[in-house]
Amino acid sequence: QLIQGRESTHAIKTARKMSPEQREERLKDLRRRRNQWRARGSEYKVSNVNGHRKILQEAAGLYWENRKDALGGRSVQDSVVSASVLADVQQKQDMEWTSTLLGMQGKVAKELNQRRKQEQRACREEWMDQLSAVVLGTFELSDQEKVLYTAVEEKYDALREKLFVVSILTNPSLSSMPEEERQHELARMKAKEHNLRREANTEDMAELLGQHFKTPPAIMRLMGELRLSFDKRIHRHLKDTGKTLADLEDNFDIQEPAYPETSANPLAELHERFEEEMELILTVLHDSQDDKGAIYQSELVWQHRERHRVEKEGMFIPAAVIVGLAERLRAWTGARSVADKARYQSVAEERMAHFAYVKTNLQEELNRDDNRQPTDGDLTGWHQAALRALDNKHLAERHLLLGLLGDDTSEELREVAREMDSDERQKRLVEVKMKKRKFDLESETAREENFCVLEEAAALKSVTRKFRLENQHPGKEITHHYVTTTLLADLHEEQDLEAQVVFATLLSKSESELRRLREQQTKLRQWNAGDNVLIILTRYEDSGGSDLMRVLRKKHDKERALLSSLLKNRDRQDLWDAASVMSTVQKQERLLELTTALKTAERGKAGTGDYKKVLQEAAIVKFHSRKTSLEKEKGVAACDDDVIVSVLKDLYHEQDRDQKNVIEQLPIMGEATLAGVQKQCLELLKQGRSENVSVVVLAAEVTKEAGQQELVDALEGKY
């Protein structure tokens, strides 16, 4: 009836006018409506059976047209398409029949009777689950998927609670209540919303927030697209403009879908967003060719982490925005769009507004998390604990930055910075960065020096940022408060990138490695290390006039990626095995031989193949040399991650000197010289060559025992 009945012709013709993308979007909407109908009680289903049939009729037309395209398009006869659709339904029913027969084995009469009544009810209320599964793509959740469903729901429950808290605080009659009564009102609102959601009655949700509630921006405007939609739009944009992913630079402009300005029913919109996200996750799980167990575990850990971040956030708007930003970062860790840059800025402004409130409760919450430890063998618990420690470090870093920029005693430092010219400030920031990298924060003295360095960097950066913003926006008053919000937004973005890097390798770590990661992040927080704070404070402040600095920054990013890849690459296991049994002297001799080989490869005409082979072996020998040095220095076994981080620090040091030299030379370089240096940088990038990486992996290894670090510092100072 749905594919050959009286109304089928109109449904198929309507579907034929749509593009595949439009049909997909329409099916998503119909799927949501059908799920809402399915979630309601028996009385509602029976009274709205015609509405359900209309949903299935339209969906059948869309599915029929998609099936026709898959079978060959216009050349395929309609009868063949209809037969194929019926065969799909028959196959789905056969699968249910087989599953039911197998499931009957071992069941008692009471259980079988319950199942019989369920099937009779399905027939009476016209559930049509198997038909729906075919034309709409709906399916029953497995036990594993139900766990994941609950995790996503808990994240959205945390967002809903933020909305209810705002509603209570903005209602004079509720906000004046004692705390116990406010908590009772909060519980009542949550229970009412849950009941409305269970009944698929989203219309009445608007009344829950009350007349005093200030209407927020539309949920999709706040949060932005889900990752798959964003990824598709990025690739459409690249195709339309003839660009590649490498061409997209930070702050790229791409038009977002049209969203309403404000939300008439934020709870209903949150529920719709939840359903869309859950559908996306289940689609990835069902369609992926990768290890589904790994995808499930990754998604579960991510959802728990996001719930924790929402709970830690002070108010609803920043909580909603950070979830959306992180969602798109999962799709692509490249440059951020103009719209997302604006979202980072809005979060910073909201956080600034509630800084004092959050600060009073911060330490108590962090201490509670420090004392909460998973049991032995609970790998998922340790995943969450490591991420929680990372997020708590990020929270402390934001408070550190706001403290540095809001400290009145730093005004004297800012005054000194104002008297410097732009190049002097940029050069001093690089020197500050190089100085901080040498601190061993195990020492209390070093931690005090570290804070002083960050204080100076904050003063220099805030003045530099203020001058840049004034040049970009002549006539506009740029306050210190506004400068602070822009730097806070930069920090949030840097922290999101760090979280993605950590998350990428998290699931491959053992319990002992997760324990070490958690301990490391906790120590960095307690020491006020401020590593991400340092990154954003010492980053070159581009006023728009220096293409060379942008190219240099891109070169440095590629160098870090290259060195990290070389140190992790296990394709040449023979080289790893050989290096592991070399003595210290043999490793140093091999590095000298590789230095000569690299120079020969650089002069050769055989392309970059020989160069990369030599560089790869040098990185392997360097890895083992550094591992030996660290173990001798610390007196304990060094894990691979510690070795890689240590070697990368050497690269940072080389890049800092690189940047400092360029900043010193910029004022005296002519246009022709600048163009030549820029061309050389681009050529090296294109060839995959790196002088900084080769310097690091070929450098003689020095074990810095007592007194040796001071000698190394003295030599570097002389050079």
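Visitor: In which helix does Leu270 lie, and is Leu270 buried or exposed?
Guide: In this predicted model, Leu270 belongs to helix α13, which covers residues 266-287. A residue counts as buried under 20% relative accessible area. Because the relative accessibility of Leu270 is 0%, the residue counts as buried.

Visitor: Which residues does Leu270 touch, leaving aside those up to four places away in sequence?
Guide: One separation can be given for Ile219, which is 51 residues from Leu270 in sequence and 6.6 Å from it in space, C-alpha to C-alpha. With residues up to four places away in sequence left out, Leu270 touches Tyr156, Leu159, Arg160, Leu163, Ile219, Met223 and Phe316.

Visitor: How many helices and how many strands does the chain have?
Guide: The chain has 719 residues, and buried residues make up 45% of them. Its C-alpha atoms fill a box of roughly 90 × 70 × 55 Å along the principal axes. The secondary structure comes to 32 helices and zero strands.

Visitor: Among contacts between residues at least 6 apart in sequence, what share joins residues at least 24 apart?
Guide: Contact here means heavy atoms within 4.5 Å. Of the contacts in the chain between residues at least 6 apart in sequence, the share that joins residues at least 24 apart is 79%.

Visitor: Why does the distance between the end C-alpha atoms of α5 agree with its number of residues?
Guide: Helix α5 runs over residues 78-104 and so has 27 residues. The expected span is 1.5 Å times one less than the number of residues, which gives 39 Å for α5. The two values agree because the end C-alpha atoms of α5 are also separated by 39 Å.

Visitor: What covers the buried residues of α5?
Guide: The buried residues in α5 are Val81, Ser82, Ser84, Val85, Asp88 and Val89. Their cover includes α4 (49-71) and α7 (129-135).

Visitor: At what angle do the axes of α14 and α22 cross?
Guide: Two packed helices are described by the distance between their axes and by the angle between them. The axes of α14 (residues 292-312) and α22 (residues 480-506) come within 11 Å. Their crossing is right-handed, and its angle is roughly 150°.

Visitor: How many nonpolar, polar and charged residues are in the contact of α14 with α22?
Guide: From α14, the contact is made by Ser298, Val301, Trp302, Arg305 and Arg309. From α22, Asp496, Ala499, Gln500, Phe503 and Leu506 take part. By class, the contact has five nonpolar, two polar and three charged residues.

Visitor: Is Glu701 buried or exposed?
Guide: Glu701 is found in the loop between α31 (691-698) and α32 (708-718). Apart from residues up to four places away in sequence, Glu701 touches Gln588, Lys622, Ser625, Arg626 and Ser629. Since its relative accessibility is 13%, Glu701 counts as buried.

Visitor: What is the phi of Asn528, a residue other than glycine?
Guide: Asn528 has its place in the loop between α23 (511-526) and α24 (531-538). Because its relative accessibility is 35%, Asn528 counts as partly exposed. Its phi is positive, with a value near 55°.

Methods. Residues numbered from 1 in each chain as written. Predicted model: local features only at pLDDT ≥ 70, side-chain atom pairs only at ≥ 80, totals over all residues. Heavy atoms only, no water. Axes fitted to C-alpha atoms, helices over the stretch in contact; angles between N-to-C directions. Helix = DSSP H or I, 4+ residues; strand = E, 2+ residues; numbered from the N terminus. Left-handed = near helix turned anticlockwise from the far one by under 90°. Nonpolar A, V, L, I, M, F, W, Y, C, P; charged D, E, K, R; others polar. Buried < 20%, exposed > 50% of the residue type's maximum accessible area, 1.4 Å probe, protein only.
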